[in-house]
Amino acid sequence: MNCYCGQGAAFADCCEPYIRGIRQAPTAEALMRSRYSAFCCGEADYLLASLHPSKRVSESRESLEQSFTETQWCSLRVLSCRSGEAGQTVGEVEFVAFYQTGMEVGQLHERSRFVCDSNQWLYCDGDILPPLKLGRNDECWCGSGRKLKKCHPD
Ligand SMILES: [Zn+2]
Ligand SMILES: [Zn+2]
């Protein structure tokens, strides 16, 4: 199975080892991707563990588990990264994640901030950015890899 995060690698060779705690995500981008995959497969423990301790109070297992049942994540695009490489201590990743709630398609366009503490990248917080406008020739939101006009035109 291809990884949820859309990198093209198998889940077992991509985000799964981070989610299972077998390996530490080496970069802020890898951590961000693995958190997206954890949302896709409903891994509340990992989502809480990869959150900066100062933020854990505002995120509850109950609200995460409710989001897993209500939101179906469709695809992820990483738009840009600033720092966040192995050996650095801070990083930013801008991404857009497309999701469906019932029949509605939505997107989360966010610039997230990460810190690396004792070789472990953690998600701190992020700024929500305006939704992207998808053109007919852009890749479809559903993650098929096809153009919007050939896949889910409306
Ligand atoms: Zn992945
Ligand atoms: Zn589509």
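1. In this predicted model, the donor residues of the zinc ion (ligand 2) follow the sequence spacing C-x1-C-x8-C-H. The protein donors are Cys140 (SG), Cys142 (SG), Cys151 (SG) and His152 (ND1), and they lie 2.1 to 2.3 Å from the ion. Cys142 belongs to the loop between strand E4 (120-128) and helix H5 (148-151), while His152 belongs to the segment after H5, so this pair ties together parts that are ten residues apart in sequence.

2. The four donor atoms make angles of 105 to 115° with one another, and the site of the zinc ion (ligand 2) is tetrahedral. For comparison, the ideal angle for four tetrahedral donors is 109.5 degrees.

3. Buried would require a value under 20%, and exposed a value over 50%.

4. Gly143 is found in the loop between E4 and H5. With a relative accessibility of 44%, Gly143 counts as partly exposed. Leaving aside residues up to four places away in sequence, Gly143 touches Cys74 and Ser75. Gly143 and Cys74 are 69 residues apart in sequence, yet their C-alpha atoms are 6.0 Å apart in space.

5. The overall architecture may be considered next. The protein has five helices and four strands. Read from the N terminus, the elements run α-α-α-α-β-β-β-β-α. The radius of gyration of the protein is 15 Å, close to the 15 Å that the globule rule gives for 154 residues, so the protein is as compact as a globular protein of that length. The C-alpha trace spans about 45 × 30 × 30 Å along its principal axes.

6. Two percentages describe the packing of the chain. Of the 154 residues in the protein, 39% are buried. Among contacts with a separation of 6 or more, 42% are accounted for by residues 24 or more positions apart.

7. In what order do the strands of the open sheet stand? The order of the four strands is E1-E2-E3-E4, and the pairing is antiparallel. Strand E1 (72-83) and E4 are the edge strands, each pairing on one side only. From one strand to the next, the twist averages 30°. In general, strands of a sheet pair through backbone hydrogen bonds, either parallel or antiparallel.

8. E1 and strand E2 (residues 90-101) pair in the antiparallel sense over ten bridges. Gln72 has Gln100 in E2 as its bridge partner, and Ser80 is likewise partnered by Glu94 in E2. The two strands form a hairpin with six residues between them, and Gly84 in the turn has a positive phi of about 80°.

9. E2 and E3 run antiparallel and are joined by twelve bridges. Ala97 stands opposite Leu108 in E3. These strands also form a hairpin, with two residues between them, where Gly102 in the turn has a positive phi of about 60°. E2 itself is mostly covered, as nine of its twelve residues are buried.

10. A helix accompanies the sheet. Helix H2 (residues 28-41) lies across E1, E2, strand E3 (104-117) and E4, and runs at about 170° to E1.

Technical notes: Residues are numbered from 1 along each chain as its sequence is written. Chains are lettered from A and ligands numbered from 1 in the order in which they are written. This is a predicted model: local features need pLDDT of at least 70, side-chain atom pairs count only at pLDDT 80 or more; totals for chains, interfaces and linings use all residues. Side-chain values use heavy atoms; hydrogens and water are left out. Donors are N, O and S atoms within 2.8 Å of the metal (3.2 Å for Na, K and Ca); water is not among the atoms, so sites may look incomplete. Four donors count as tetrahedral if all angles lie between 85 and 135 degrees; four count as square planar and six as octahedral if opposite donors are over 155 degrees apart and all others between 65 and 115; anything else is irregular. Two strands pair if DSSP finds at least two bridges between them. Axes are lines fitted to C-alpha atoms, for helices over the stretch in contact, and angles run from 0 to 180 degrees between N-to-C directions. Contact means heavy atoms within 4.5 Å. The radius of gyration is taken over C-alpha atoms; the globule rule is 2.2 Å times the number of residues to the power 0.38. Buried means under 20% relative accessible area, exposed over 50%, partly exposed in between (1.4 Å probe, protein chains only).
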